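Welcome to my notebook. I went through this structure one topic at a time and wrote down what I looked up.

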Amino acid sequence: MRKQRALVTAVDLERSSVVANNTMNRERGLTGVNSYARELGVDLLAHLADRPAPSWLDLCSGEGRALREAASALPADAVLTAVDLVGPLAPGPTPPTLEEIIASVSTWTPTRTYDLITCVHGLHYIGDQLGLLTRAASWLSEDGLLTAHFDPDSIRRPDGTPAGRAAITALRASGFRYSPRHHRVTLHGPRSITLPFTYVGADPDAGPNYTGQPAVGSYYT
Ligand SMILES: C[S@@+](CC[C@H](N)C(=O)[O-])C[C@H]1O[C@@H](n2cnc3c(N)ncnc32)[C@H](O)[C@@H]1O
């Protein structure tokens with residue numbers, strides 16, 4: 001019999017040491033060794049090229065370096081939105097095409113759709129990960145791309161048994177792809193999704209995940 005975990009709300013999770021961990025890598029740029037291109041295996045600028053007013057939403061954006069670098073390569077009518085719990089940390093003026101929002105992605109909702117939505121090693125700190133993926137799926141523009149790191153091992157039933165396989169099956173049935181090798185989910189084009197999971201709370205003491213960093217456990221019936 002597994003030990004029942006003490007689950008916490010989103011507010012308590014966001015105050016917990018696992019989310020406030022200041023050793024997290026928040027500094028990834030657009031390209032190079034420590035970058036979104038490397039972590040996501042996608043040429044993000046190529047995805048945005050040749051679109052009128054290209055738009056990119058980065059969830060759990062950290063210092064926002066990738067979007068800042070993209071801003072200088074994209075047209076003046078580009079729309080770049082960075083959302084993170086912690087205020088923008090990167091030094092220097094904010095490019096005019098970049099909006100940096102301090103908010104929890106668990107409650108924040110955009111007022112428009114995006115050609116590209118990324119969440120680079122951000123879901124590991126979110127309680128209702130499946131809820132965020134479901135909401136983000138509806139924020140894509142036609143032909144938009146959503147790509148995010150996702151660890152199925154973090155998805156659990158209230159008694160602690162793994163539910164990652166069931167989550168992947170449900171995500172795939174809804175149009176997502178999942179690469180176990182890269183721990184990445186991707187979705188092309190907007191979807192209105194209902195997953196057969198009800199969120200019940202988060203475990204901030206789940207311990208390190210595949211990245212080696214402490215991460216959150218997400219519990220669902
Ligand atoms: C590992 S860092 C990755 C940052 C950035 N994506 C990068 O790769 O450089 C995870 C980020 O998630 C943010 N985060 C954690 N919980 C969040 C929440 N509920 N809403 C918004 N951001 C959150 C943290 O503040 C942190 O900046």
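**Ground rules.** I take helices (H or I, at least four residues) and strands (E, at least two) as DSSP runs, numbered from the N terminus. I number residues from 1 along each chain as its sequence is written. I am reading a predicted model, in which local features need pLDDT of at least 70 and side-chain atom pairs count only at pLDDT 80 or more, while totals for chains, interfaces and linings use all residues.

**Entry: Ala 37.** I started in helix H2 (residues 36–40), where Ala 37 lies. For burial I use this rule: a residue is buried if 20 or more other C-beta atoms, placed from the backbone, lie within 10 Å of its own, exposed if 12 or fewer, and partly exposed in between. Ala 37 has 17 C-beta neighbours inside 10 Å, so I noted it as partly exposed. Next I looked up contacts, meaning two residues whose C-beta atoms, placed from the backbone, lie within 7 Å. Leaving aside neighbours within four places in sequence, Ala 37 is in contact with Leu 30, Thr 31, Val 42, Asp 43 and Leu 44. I also checked the C-alpha to C-alpha distance from Ala 37 to His 124: they are 19 Å apart in space and 87 residues apart in sequence.

**Entry: two residues with positive phi.** Most residues other than glycine have a negative phi. I found Asp 50 with a positive phi of about 65 degrees although it is not a glycine. Asp 50 lies in the loop between helix H3 (44–48) and strand S1 (55–59). Is Asp 50 buried or exposed? I wrote down exposed, because Asp 50 has 7 C-beta neighbours inside 10 Å. Cys 60, not a glycine either, has a positive phi of about 60 degrees. I placed Cys 60 in the loop between S1 and helix H4 (65–71). With 25 C-beta neighbours inside 10 Å, Cys 60 counts as buried.

**Entry: strand S4 and its partners.** I then turned to strand S4 (residues 114–119), where 6 of 6 residues are buried. I count two strands as paired if DSSP finds at least two bridges between them. S1 and S4 run parallel and are joined by 3 bridges; Leu 57 has Ile 117 in S4 as its bridge partner. S4 also pairs with strand S5 (residues 140–149), in the parallel sense over 5 bridges. Here I saw Leu 116 standing opposite Leu 145 in S5. Together, S4, H5 and S5 make a right-handed β-α-β unit. Right-handed means that, with the strands pointing away from the viewer, the path from the first strand over the helix to the second runs clockwise.

**Entry: the largest nonpolar core.** Such a core is a set of buried Ala, Val, Leu, Ile, Met, Phe, Trp, Tyr and Cys residues joined through C-beta atoms within 7 Å. The largest one has 54 residues, and Trp 56, Leu 59, Ala 70, Ile 117, Leu 133, Leu 146 and Val 216 touch the most other members. Which helix gives the most to this core? I found that helix H5 (residues 129–137) does, with 5 residues. I also followed Leu 59: not counting residues up to four places away in sequence, it touches Val 83, Val 105, Ile 117, Thr 118, Cys 119, Gly 122 and Ala 136.

**Entry: around the ligand.** I listed residues whose C-beta atom, placed from the backbone, lies within 6 Å of the molecule. There are 22 residues around the ligand, the closest being Arg 28, Cys 60, Gly 62, Val 120 and Tyr 125. From this group I picked Val 120, which sits in the loop between S4 and H5. Val 120 counts as buried, with 23 C-beta neighbours inside 10 Å. Beyond four places in sequence, Val 120 is in contact with Arg 28, Tyr 36, Glu 39, Leu 40 and His 149.

**Entry: a second sheet to look up.** I noted an open sheet of 3 strands in the order S6-S10-S9, with mixed pairing. Strand S6 (155–156) and strand S9 (199–203) stand at the edges, each with a single partner strand, so one side of each is left without a neighbour in the sheet. S6 and strand S10 (residues 217–220) run parallel, joined by 2 bridges. Ile 155 stands opposite Ser 218 in S10. My last stop was Gly 217, also found in strand S10. Gly 217 counts as buried, with 22 C-beta neighbours inside 10 Å.
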